[in-house]
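Please walk me through this model. I would like the packing, the strands, the pocket and a few individual residues.

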Amino acid sequence: MSGVITHQQWVVFCRVVDNHGDLGVCWRLASQLAARGKHVQLFVDDASALAWMAPHGCAGVEVLAWPDESTSFASHPASDVVIEAFGCELPHGFQAAMAAWPQAPVWINLEYFSAEAVSLRNHGLPSPVMSGPARGMTKWFFFPGFTPNTGGLLREPDLAERHTAFDRTTWLSALPLDKPLAANERLISLFCYEPTALPELLKQLSQADEPTRLLVAQGRPSAAVTVATQALHMPSSGTGQLHISQLPYFSQIDFDHLLWACDFNLVRGEDSLVRALWAGQPFAWHIYPQDDLAHHDKLHAFEAALDMPVDLRKFHAVWNGLEMAPLPALSRAALDDWRRWSRQAQQRLQAQTDLTSQLLGFVAQKR
Ligand code: TRH
């Protein structure tokens with residue numbers, strides 16, 4: 001069988017920093033690899049969110065608890081590829097085992113996506129391991145991104161087909177809402193951290209000239225809306241033209257359905273942004289805030305990479321607290337314009353090779 005390479009055994013390590021994006025991305029990647037015939041072990045320090053993200057699991061993906069430092073992996077079968085997600089640092093016992101395998105695995109350092117020049121420069125570069133049990137081995141930087149010179153974005157091969165077959169009316173009618181949707185209601189999904197402009201958004205929507213249903217995700221978005229309505233002395237279910245409904249936690253599949261069904265999506269973090277791009281509906285991104293304000297440059301690089309319209313950039317600047325100015329109104333004309341832009345961005349990105357395919361190609365070259 002010499003010369004025939006089958007990269008069957010993959011191991012992914014993931015630590016949940018906070019929120020859901022680290023696990024969300026690792027799960028998506030693991031299940032896409034499994035769908036392509038790989039066997040994947042996913043080590044994660046907190047797998048609890050998988051109960052709602054992926055309630056049915058995935059054949060070919062084995063979810064394992066993060067090992068403690070004393071765990072020996074001496075008897076762990078040699079694997080073809082090891083993914084260290086988002087700088088989580090592999091347990092030392094696992095590094096020692098890898099160093100003893102007859103053939104070194106392809107060791108991938110999977111990073112957060114970025115449109116910034118520094119990430120583009122580093123994508124695909126080696127990073128020699130200088131210390132620890134795996135000293136002398138090599139890791140490879142793999143940067144997801146929005147341009148052809150990056151590792152691309154996660155996208156299932158059947159996504160467009162599923163989207164085309166999606167029955168919006170039926171899906172919406174099955175939502176467990178406090179009040180049935182009216183045919184003329186505009187739907188906005190809210191998945192965010194704690195945007196300072198949230199009270200202003202609620203006020204604007206309540207005074208708009210058309211009715212809006214704000215569909216609020218569980219967790220931080222729901223808590224942020226409670227704080228905002230209280231500050232505004234607004235009923236928790238909204239007032240005027242605004243009705244606020246709380247959503248259950250969805251599976252990743254149904255979270256896509258939500259984004260496909262809404263007229264405007266407020267998303268956050270990393271993975272939900274990518275899903276909003278695939279939805280092709282107008283959206284705004286609440287970027288994960290960093291103490292050193294590194295997210296400002298990251299946001300601007302994203303806007304530039306996708307040639308975002310000026311007024312949508314303005315919305316992002318205010319929504320993300322980069323500018324203290326009035327939040328641009330979500331007028332029908334603005335949403336139509338942003339939808340055109342979003343569809344163009346979606347088409348442009350769909351023309352690029354998806355992350356899983358790129359990763360498989362990268363691994364095949366390195367092995
Ligand atoms: O949860 P997040 O804020 O995660 C963040 C980001 O990844 C950020 O870059 C990272 O640094 C930080 O965590 C530590 O946002 P994100 O990335 O959109 O992840 C949310 C995941 O949760 C995504 O996979 C979609 C999924 N999801 C569901 O499956 N169902 C739901 O009902 C909701 C609200 C989300």
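The report below takes those topics in turn.

## Basis of the model

This is a predicted model: local features need pLDDT of at least 70, side-chain atom pairs count only at pLDDT 80 or more, and totals for chains, interfaces and linings use all residues. Numbering starts from 1 along each chain as its sequence is written, and side-chain values use heavy atoms, leaving out hydrogens and water.

## Nonpolar cores

The largest nonpolar core holds 69 residues. F315 and W319 have the most contacts inside it. A second, separate core has 34 residues, including A30, I83, L359 and L360. Here a nonpolar core is a set of buried Ala, Val, Leu, Ile, Met, Phe, Trp, Tyr and Cys residues joined through side-chain atoms within 4.5 Å. Buried means under 20% relative accessible area, exposed means over 50%, and partly exposed lies in between (1.4 Å probe, protein chains only).

Beyond its neighbours within four places in sequence, W319 is in contact with L190, C192, P195, A197, L198, L201, L266, W285, H286 and L327.

Strand β7 (residues 138–142) pairs with two others. With β5 (residues 106–110) the sense is parallel, over four bridges. L110 has F142 in β7 as its bridge partner. With β6 (residues 126–128) β7 runs antiparallel, joined by three bridges. There, P126 stands opposite W140. Two strands pair if DSSP finds at least two bridges between them. Helices (H or I, at least four residues) and strands (E, at least two) are DSSP runs, numbered from the N terminus.

F362 belongs to helix α14 (residues 355–366). Setting aside residues up to four places away in sequence, F362 touches I108, G124, W140 and F142. F362 and G124 are 238 residues apart in sequence, yet 8.2 Å apart in space, C-alpha to C-alpha. F362 has a relative accessible area of 10%, so it is buried.

The largest pocket has a volume of about 840 Å³. It is lined by 43 residues, and the closest to its centre are G21, Y193, G269, E270 and D271. Elements giving two or more residues to the lining are α1, α2 (50–53), α9 (252–261), α10 (271–279) and α11 (294–305). Helix α1 gives the largest share, five residues. A pocket, on a 1 Å grid over the protein atoms alone, is an open set of points where a 1.4 Å probe fits, with protein on both sides within 12 Å along at least five of seven lines; lining residues have an atom within 4 Å of a point. Its volume is the space filled by probe spheres set on the points, which are joined across faces, edges and corners.

R28 lies in helix α1 (residues 21–35). Is R28 buried or exposed? R28 counts as buried because its relative accessibility is 5%. Leaving out residues up to four places away in sequence, R28 touches L154, E156, Q252, D271 and R275.

## Positive phi

N19 is not a glycine, but its phi is positive, near 60 degrees. N19 sits in the loop between β1 (9–14) and α1. At 18% relative accessibility, N19 is buried.

E89, also not a glycine, has a positive phi of about 60 degrees. E89 is in the loop between β4 (81–85) and α3 (92–100). Its relative accessible area is 46%, so E89 is partly exposed.

Technical notes:
Contact means heavy atoms within 4.5 Å.
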